[in-house]
Amino acid sequence: MKKNQLSITLFLVFLLPSCVGAAKENTDDTQKKSDVEIVQIKNENFDRFLDDFNTNRIFQLERIVFPITVMTPDVDRIALAPTEEIIEKMDWELLDLTYDSTYTTRDFDRYTQTINFRKDTAHVALRGIDNGIFADYYFKLIEGEWYLVTLVE
């Protein structure tokens, strides 16, 4: 009888740590899955972001780093030398960077749009065709989400 009790006690002593280890592994797996979900959230697609940015005013205001610095030509300076302007959130006008290929063939205000990417930045460039349109919009990936950080017009 004592042999059985000793066997059961030894069995429980060896079983308990393995149960705790299995529970810890489960916790580690849950943490790993959680980390993977966070990483997936942080990989925001720029095209989807830009669609929302162009159509949703509230989203756009949330995704601009205010106050934003804007470089614009100064009509009072020689050769329209650029000047730095700071725009606060309350003064921002909705920006629409929606683009389709027909913009290069229309009668007025023809322009092209290109998007260039680096590791964590995107540059949207608008270039007019015989009309002087010139604008650059600079976006940065901050904690996995795209933000407009500056622009040059």
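# Reading side-chain contacts in a predicted model

Q: How many salt bridges does the structure hold?
A: Side chains of opposite charge can pair when their charged atoms come close. This is a predicted model, and the structure holds 5 salt bridges.

Q: Which residue meets Glu-44 in a salt bridge, and which parts of the chain does the pair tie together?
A: The partner of Glu-44 is Arg-63, with N to O at 3.0 Å. Glu-44 lies in the loop between α1 (2–41) and α2 (46–55), and Arg-63 in the loop between α3 (57–62) and β1 (64–73), so the bridge ties together parts that are 19 residues apart in sequence.

Q: With which other residue does Arg-63 form a salt bridge?
A: Arg-63 also forms a salt bridge with Glu-145, and the closest N and O atoms are 3.6 Å apart. Glu-145 belongs to strand β6 (residues 145–152) while Arg-63 is in the loop between α3 and β1, so this pair ties together parts that are 82 residues apart in sequence. Glu-145 is partly exposed, with a relative accessible area of 32%.

Q: Where do Arg-110 and Asp-130, a pair that links distant parts of the chain, lie?
A: The side chains of Arg-110 and Asp-130 meet in a salt bridge, 3.7 Å from N to O. Arg-110 is in the loop between β2 (82–87) and β3 (111–117), and Asp-130 is in the loop between β4 (121–128) and β5 (134–142), 20 residues apart. Arg-110 is partly exposed at 25% relative accessible area, whereas Asp-130 counts as exposed at 75% relative accessibility.

Q: How should I read the aromatic pairs, and what is the count?
A: Two values describe a ring pair: the distance between centres and the angle between planes, where under 30 degrees counts as stacked, over 60 as edge-to-face and the rest as tilted. The count here comes to 13 aromatic pairs. In one of them, Phe-46 and Phe-49 are 5.6 Å apart centre to centre with 45 degrees between the planes, and the pair is tilted. Phe-46 and Phe-49 are 3 residues apart in helix α2, so about one helical turn separates them. Phe-46 is buried, with a relative accessible area of 5%, and Phe-49 is buried as well, at 1%.

Q: What is the geometry of the rings of Phe-46 and Phe-139?
A: Their ring centres are 5.4 Å apart and their planes are at 75 degrees, so the pair is edge-to-face. The pair links distant parts of the chain, with Phe-46 in helix α2 and Phe-139 in strand β5, 93 residues apart. Both Phe-46 and Phe-139 are buried.

Q: Which residues do ring pairs link into a cluster?
A: The cluster consists of Phe-46, Phe-49, Phe-53, Phe-59, Phe-117, Phe-139 and Trp-146, linked by ring pairs.

Q: Which charged side chains sit over a ring?
A: Such a contact is read from the charged end to the ring centre. The charged end of Arg-63 sits over the ring of Tyr-147, 5.4 Å from its centre. Arg-106 lies over the face of Tyr-103, at 4.3 Å from the ring centre.

Q: Which residues in the largest nonpolar core touch the most other members?
A: A nonpolar core is read through its members and the elements that supply them. The largest one has 24 residues, of which Phe-53, Trp-92, Tyr-137, Phe-139 and Leu-148 touch the most other members. The elements giving two or more residues to this core are α2, α3, β1, β4, β5 and β6. Helix α2 gives the largest share, 4 residues.

Q: What does Tyr-137 touch?
A: Leaving out residues up to four places away in sequence, the contacts of Tyr-137 include Leu-95, Leu-97, Val-124, Leu-126 and Leu-148. Also among them are His-123, Thr-150 and Glu-153.

Q: Where is Asn-54 found, and is Asn-54 buried or exposed?
A: Asn-54 is found in helix α2. Its relative accessible area is 7%, so Asn-54 is buried. Apart from neighbours within four places in sequence, Asn-54 is in contact with Gln-60, Leu-95, Asp-96, Leu-97 and Thr-98.

Methods. Residues numbered from 1 in each chain as written. Predicted model: local features only at pLDDT ≥ 70, side-chain atom pairs only at ≥ 80, totals over all residues. Heavy atoms only, no water. Salt bridge = Lys/Arg side-chain N within 4 Å of Asp/Glu carboxyl O. Buried < 20%, exposed > 50% of the residue type's maximum accessible area, 1.4 Å probe, protein only. Phe/Tyr/Trp six-rings, centres within 6.5 Å; stacked < 30°, edge-to-face > 60°. Lys NZ or Arg CZ within 6 Å of the ring centre and 35° of its normal. Core = buried A, V, L, I, M, F, W, Y, C linked by side-chain atoms within 4.5 Å. Contact = heavy atoms within 4.5 Å.
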